[in-house]
Number of protein chains: 2
Amino acid sequence: MGFSNIMDSNSYSPDQPLDPATESLIAARERMLGRSYRLFYERPVHLVRGVGTRLYDADGACYLDAYNNVASVGHCHPHVVESVGRQLATLNTHTRYLHNGIVDYSERLLATMPDEIGQVMYACTGSEVNDLALRVAETHTGATGVIITTDAYHGNTAAVTAISPSIGGATSMGPHVRAVPPPDSYRTATEELAGRFATDVGAAIEDLQAAGNGVSCLIVDTIFSSDGIYADPSVLAPAVELVRRAGGVFIADEVQPGFARTGAAMWGFLRHGVVPDLVTMGKPMGNGLPIAAMAARSEVLEAFANGVPYFNTFGGNPVTVAAAAAVLDVLEDEKLLVNAAEVGGQLRDDLAALAGDHPRIGDVRGAGLYIGVEIISDTGEPDRAAARAVVNAMRERRVLISVCGHDGNVLKIRPPLVFSDSDVDWFCTEFAAVLASSF
Amino acid sequence: MGFSNIMDSNSYSPDQPLDPATESLIAARERMLGRSYRLFYERPVHLVRGVGTRLYDADGACYLDAYNNVASVGHCHPHVVESVGRQLATLNTHTRYLHNGIVDYSERLLATMPDEIGQVMYACTGSEVNDLALRVAETHTGATGVIITTDAYHGNTAAVTAISPSIGGATSMGPHVRAVPPPDSYRTATEELAGRFATDVGAAIEDLQAAGNGVSCLIVDTIFSSDGIYADPSVLAPAVELVRRAGGVFIADEVQPGFARTGAAMWGFLRHGVVPDLVTMGKPMGNGLPIAAMAARSEVLEAFANGVPYFNTFGGNPVTVAAAAAVLDVLEDEKLLVNAAEVGGQLRDDLAALAGDHPRIGDVRGAGLYIGVEIISDTGEPDRAAARAVVNAMRERRVLISVCGHDGNVLKIRPPLVFSDSDVDWFCTEFAAVLASSF
């Protein structure tokens with residue numbers, strides 16, 4: 001097992017042999033990087049260039065990127081390249097000196113949040129800010145219990161690995177952690193989603209209290225990415241209310257749904273009508289430069305901030321902040337929130353139309369440009385093998401996607417937000433061909 | 001308390017008032033970033049530009065940077081700027097696709113290590129790789145006990161905060177951690193350093209075994225940065241031998257001494273004649289871009305790598321690796337290892353000469369361009385207040401340094417490795433003036 005919900009493969013035993021250059025690169029990786037490193041696809045892709053939604057391999061072949069949410073404003077966006085290059089040539093120090101960059105950016109970032117959320121701290125990765133958020137919650141509440149979803153992924157440090165059961169392998173959930181099923185919109189009636197989630201969270205609260213942990217926090221990815229992409233809105237409020245009544249806080253992990261991905265709002269939690277206590281963000285924040293942040297209600301942050309000095313060498317440095325500011329510029333200038341809604345809606349409609357002819361597609365769901373397509377067997381069961389086959393067939397047709405979900409059977413379609421109508425046509429043409437030849 | 005060994009100040013109550021622009025920046029930081037953020041100096045510095053060993057503030061004043069080890073090949077080095085800019089405009093994805101950058105860099109990096117160390121994994125920060133190294137050690141040994149030095153600093157995640165007592169504040173060492181005094185070359189005879197350190201580590205081993213933790217690892221910064229900069233060579237081998245006999249591994253934290261800083265070797269552990277099991281590195285690796293790595297003996301990494309999938313979104317991505325490769329280029333092209341030895345030696349000699357006339361300087365020590373100057377009272381005790389006064393007086397003369405050590409009385413002099421002979425003269429001229437007016 002291990003990252004069962006991620007489309008990886010160390011078993012590239014393709015029908016066609018790989019070319020010698022690729023084989024040699026793979027051998028060098030295995031020798032020097034070790035077995036923790038995985039490659040996508042039965043035939044791994046050797047990339048050399050990217051622009052917008054396009055990626056190019058070493059042979060010059062062009063791929064449609066329908067997977068990468070880090071290069072969210074498009075691969076190698078010139079405004080990001082130029083902003084970073086200029087700052088890199090000017091100054092790059094750290095937060096123990098004064099610099100306008102971090103202050104100006106913080107103003108802009110916090111302006112996208114509800115008024116209650118007034119402070120922000122910077123790090124380099126989503127793992128780091130989730131690790132930090134757990135500590136802030138624990139300091140604020142005096143409790144240790146953490147509630148997550150069944151197939152949560154929150155990062156790779158020791159502390160967040162313990163709340164990331166989707167990693168699998170030899171990792172295990174911490175004894176202070178309780179997992180509840182995500183709001184599975186495919187197998188649960190819409191009107192029952194919020195109540196059922198709250199009931200499960202309530203049971204977890206009781207269990208944590210009985211165990212003496214108390215409730216530190218509920219932390220969820222607000223579009224339930226690794227759980228299988230569940231995008232129904234207005235699901236979280238009753239559960240969050242229960243957590244707060246038990247003395248805990250709510251952490252919205254916006255590493256994936258944040259920065260306009262869902263098309264409906266800048267942040268996934270806004271779709272749920274809740275104001276979190278802590279908000280974590282990362283991946284698309286700097287379009288590939290390592291920057292992440294934790295925004296907070298100041299009263300929740302206070303006990304930690306007063307008690308614990310925190311310094312992150314690269315966190316909030318001028319260059320990564322320049323990248324992040326450029327991303328905000330592009331989101332605004334190119335109206336990518338609207339684009340995510342419109343183009344994502346078109347893609348979902350087109351996929352739903354294809355699904356009508358294909359009983360092996362159980363569900364098409366999502367929000368904006370975060371779309372899940374559930375692949376099922378003839379008997380309606382999750383079909384991991386078929387989903388993998390679709391992903392590999394798409395790769396052979398040079399369209400990059402992956403899978404997610406408890407059973408690894410949900411196609412994960414999550415392109416750069418500059419995805420266009422013609423990209424939708426391209427995607428659906430290849431997808432229709434794969435469906436026609438696969439089932 | 002809290003980072004007592006770091007020259008920070010939230011108490012900027014200077015004799016001269018700050019200018020309004022600076023006051024406004026500080027107020028904005030306090031409002032939006034919160035109290036975990038600290039600023040250097042009684043009068044914080046507002047930087048806008050850097051080049052080589054020079055930093056410039058918003059008023060155009062020029063500072064000599066004798067502190068920043070991240071911009072190790074010099075602020076805004078054109079080769080780094082150009083390499084990063086080119087890669088940023090070309091491609092920036094992640095390690096689940098094949099890319100030459102990470103493979104070529106890994107070859108070069110591992111070539112600087114002893115043959116026993118054959119694998120490497122990438123992350124974004126020193127905190128992340130130390131967190132990872134603890135997990136690798138625990139998986140390999142099946143034990144949980146960690147031995148550190150009294151004022152260790154290994155980073156800011158939950159797991160490494162528990163082995164970083166120098167952070168202070170409300171943080172505390174984990175129950176699985178034992179701290180031993182660093183090899184204090186100022187208060188211990190040279191010939192006793194290795195034996196005394198081994199004796200203390202031996203006692204920690206017995207204590208961890210008695211507590212049922214067993215010994216997972218000894219982890220030290222090989223120049224004992226936060227402990228106060230203890231640079232005597234050939235100190236570690238007997239302690240490492242004891243740790244290995246107890247089933248534990250040795251982790252060399254090279255985040256600060258690594259990448260030629262000590263002038264004697266690429267890595268601090270080489271000065272001690274030991275081959276670590278795991279080596280962590282970060283800060284100067286990408287000259288300010290967030291990249292960090294953990295190198296390993298493959299047999300020590302094996303159990304973790306086979307059992308635990310590890311993915312770090314930005315870790316080892318093409319852009320940060322381009323920065324790291326450019327840093328290696330500059331280290332080689334500009335012969336910065338030799339420069340660190342020669343210029344650092346000159347600086348130590350000049351400081352030692354000044355110390356001869358100043359009884360308040362108890363010790364001048366270090367290796368290469370990592371130098372500690374111990375400030376003591378008339379009665380020979382560590383003098384924290386006097387050290388702070390010197391650092392602030394140097395800042396008023398536009399030379400940037402800081403402090404470290406258990407008592408916060410050791411001046412930390414750690415400039416970019418492109419420090420020149422004329423920078424040494426500049427530094428010593430200002431330092432002599434500060435000494436003359438301070439004592």
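Two strands pair if DSSP finds at least two bridges between them. In this predicted model, strand β11 (residues 278–281) of chain B meets that condition with strand β12(B), because four bridges join the two.

**Strand β12 of chain B and its partners**

- The strands β11(B) and β12(B) run antiparallel, and within this pairing B:Met281 has B:Ala293 as its bridge partner.
- Strand β6 (residues 117–123) of chain B is also joined to β12(B), by six bridges, and these two strands run antiparallel.
- Across from B:Gln119 stands B:Ala296 in β12(B).
- Strand β12(B) covers residues 292–297, and six of its six residues are buried, so the strand is largely enclosed by the rest of the structure.
- Burial applies to both faces of β12(B): one side carries B:Ala292, B:Met294 and B:Ala296, while the other carries B:Ala293, B:Ala295 and B:Arg297.

**An open sheet in chain B**

- Four strands of chain B form an open sheet in the order β3-β4-β5-β15, with mixed pairing.
- The edges of this sheet are β3 (47–51) and β15 (399–400) of chain B, each of which pairs on one side only.
- Inside the sheet, β4 (residues 54–57) and β5 (residues 62–65) of chain B run antiparallel and are joined by three bridges.
- B:Tyr56 is placed opposite B:Cys62 in β5(B).
- Helix α12 (residues 421–438) of chain B packs on the sheet and touches β4, β5 and β15 of chain B. The direction of α12(B) makes about 105° with that of β5(B).

**Helices α10 and α12 of chain B**

- Two packed helices are described by the angle between their axes and the distance between the axes.
- For helix α10 (residues 336–356) of chain B and α12(B), the angle is about 20° and the axes are 10 Å apart.
- Angles under 35 degrees count as roughly parallel, and α10(B) is therefore roughly parallel to α12(B).
- The crossing of these two helices, α10(B) and α12(B), is right-handed.
- Among the residues of α10(B) in this contact are B:Val343, B:Leu347 and B:Leu351, and those of α12(B) include B:Val424, B:Phe427 and B:Phe431.
- Sorted by class, the residues in the contact of α10(B) with α12(B) are ten nonpolar, one polar and three charged.

**Helices α6 and α7 of chain B**

- Helix α6 (residues 193–210) and helix α7 (residues 237–245) of chain B pack with their axes 7 Å apart, at an angle of about 20°.
- That angle makes α6(B) and α7(B) roughly parallel to each other, and their crossing is right-handed.
- From α6(B), the residues B:Ala194, B:Phe197, B:Ala198, B:Val201, B:Gly202 and B:Ile205 meet B:Pro238, B:Ala239, B:Leu242 and B:Val243 of α7(B).
- The contact of α6(B) with α7(B) has nine nonpolar residues, one polar residue and no charged residues.

**A buried residue in a loop of chain A**

- A:Thr262 lies in the loop between β10 (249–253) and β11 (278–281) of chain A.
- The relative accessible area of A:Thr262 is 4%, and because buried means under 20%, A:Thr262 is buried.
- Leaving aside residues up to four places away in sequence, A:Thr262 touches A:Ile223, A:Pro257, A:Arg271, A:Ala367 and A:Gly368.

Terms used. Residues are numbered from 1 along each chain as its sequence is written. Chains are lettered from A and ligands numbered from 1 in the order in which they are written. This is a predicted model: local features need pLDDT of at least 70, side-chain atom pairs count only at pLDDT 80 or more; totals for chains, interfaces and linings use all residues. Side-chain values use heavy atoms; hydrogens and water are left out. Contact means heavy atoms within 4.5 Å. Axes are lines fitted to C-alpha atoms, for helices over the stretch in contact, and angles run from 0 to 180 degrees between N-to-C directions. Angles under 35 degrees count as roughly parallel, over 145 as roughly antiparallel, 65 to 115 as roughly perpendicular and the rest as oblique. A crossing is left-handed if the near helix is turned anticlockwise from the far one by less than a right angle, and right-handed if clockwise. Ala, Val, Leu, Ile, Met, Phe, Trp, Tyr, Cys and Pro count as nonpolar, Asp, Glu, Lys and Arg as charged, and the others, Gly among them, as polar. Buried means under 20% relative accessible area, exposed over 50%, partly exposed in between (1.4 Å probe, protein chains only).
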